[in-house]
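The sequence and the structure are shown first.

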Amino acid sequence: MRRIYLDYNASTPIDPAVAAAMTPFLENHYGNPSSGHWAAAAAKAAIETARGQVAALLGCEADEIVFTSGGSEANNLALKGVFFALRDRGDHVITTRVEHPAIIEPCRFLERLGAQVSTLPVDGTGRIDPDDLRREITPRTVLISIMHANNEVGTIQPIEECARIARAHGVLFHTDAAQSVGKIPTGVNDLGVDLLSIAGHKAYAPKGVGALFVRREALLEPLIHGAGHERGRRAGTESALLAVGLGKACELARDLAPMIRVRALRDRFWHALQEQFGARVVLNGNPAHRLPNTLNVSFVGEVGAEILARLDGIAASTGSACHSGRIELSPVLESMGVPPAIGIGAIRFSLGRRTTADEIDAVVQRLAGVLPALVTTS
Ligand SMILES: Cc1ncc(COP(=O)(O)O)c(C=O)c1O
């Protein structure tokens, strides 16, 4: 059975250049970066080079980068860190209904500590309306967190406009850019954000590493207190191995040219599906404001998970989950108002740098094979 990987939004393979950069830190350079002797020097220098590479991708200063264990920790640090630091000033946080659980759950946790959390609705394509944000801001608002691009449907939010609104009200603005790094521009000054999360394993680095951009003026209480690593923002002996991997991946991610090919493949995929299945296949997400690699489609009248089960060897994700024998829509599709009959037929295909035209054609063929009843005769 031919294996085809179309789940790059779930995770990416480690780029060979990333693995090569990391190897010396697996085999040598074991010193503690905080030590003052020869064994520390290579690790310490490599971490700072890596920090510079992450900063170069995001267009910020190196000292504004905090290494974390991944996107979830970066999001937790942003939300809880700002909330705890600004507790005296206010208790109101604004986010959206389509965030990743790594935002939703920390918000729920903060609510248990007394935070007021507002969640902005989205339209049928998964986009928020900046006017809704304007209306939600109160003198008690301390943080706004709106994801850059959605992991399920790829919809890109109007971050620049939302960040301008936040700034005009003197409120800190965070964006979860775990899905957008390396796919679309993520310069923090162009976006106008104060905090931005990235996740290594979504961008060809290993799992277990990520970063949070924290603008110099932004106050942040650390989640992990200890020996003052990362300028007091995250304690724990730094991993040069993981930092180097993320740094190299960020260097590669600055080149968005591979996304031109990926977008063309994604569009070829969509057109082939439309040709094959006509009106029985519908697009989920925003047709224009969407990640170039993401294609979330619903096969009307079908169950996404059942289709995937029949597509042996093809790795992709569904937009529905089976809970106690009932198929439930993903909260993202639900928030978008996708009718259940359409939503349960959703499959997310996400392409990446290694995806080939041959793979796309093979998947379309396999789909036509497992869904013969849907083939149109026109
Ligand atoms: C939008 C978004 N944010 C955060 C995360 C969590 O990142 P990590 O897996 O590195 O903790 C993910 C991963 O699925 C994601 O897609």
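The report turns to the sheet, then to the helices.

The structure is a predicted model, in which local features need pLDDT of at least 70 and side-chain atom pairs count only at pLDDT 80 or more, while totals for chains, interfaces and linings use all residues. Residues are numbered from 1 along each chain as its sequence is written, and side-chain values use heavy atoms, with hydrogens and water left out.

**The sheet**

Seven strands build an open, mixed sheet in the order β2-β8-β7-β6-β5-β3-β4. Strands (E, at least two residues) and helices (H or I, at least four) are DSSP runs, numbered from the N terminus; two strands pair if DSSP finds at least two bridges between them. At the edges lie β2 (65-68) and β4 (116-120), each of which pairs on one side only. On average, and with direction ignored, neighbouring strands of this sheet are turned by 20 degrees against each other.

| Strands | Sense | Bridges |
|---|---|---|
| β6 and β7 | parallel | three bridges |
| β7 (residues 195-199) and β8 (residues 210-214) | antiparallel | five bridges |

Individual bridges can be named. D176 has S197 of β7 as its bridge partner. Towards β8, I198 is partnered by A211 and L195 by V214.

Strand β7 is mostly covered, with five of its five residues buried (buried means under 20% relative accessible area, exposed over 50%, partly exposed in between; 1.4 Å probe, protein chains only). In a regular strand, side chains alternate between the two faces of the sheet. Both faces of β7 are covered: L195, S197 and A199 are buried on one side, L196 and I198 on the other.

**The helices**

Helix α6 (residues 159-168) lies across β5 (141-145) and β6 (172-176), running at about 155 degrees to β6. Axes are lines fitted to C-alpha atoms, for helices over the stretch in contact, and angles run from 0 to 180 degrees between N-to-C directions.

Helix α2 (residues 38-58) packs against helix α9 (residues 240-253) at an angle of about 30 degrees, with the axes 8 Å apart. The two helices, α2 and α9, are therefore roughly parallel to each other (angles under 35 degrees count as roughly parallel, over 145 as roughly antiparallel, 65 to 115 as roughly perpendicular and the rest as oblique).

Notes: Contact means heavy atoms within 4.5 Å.
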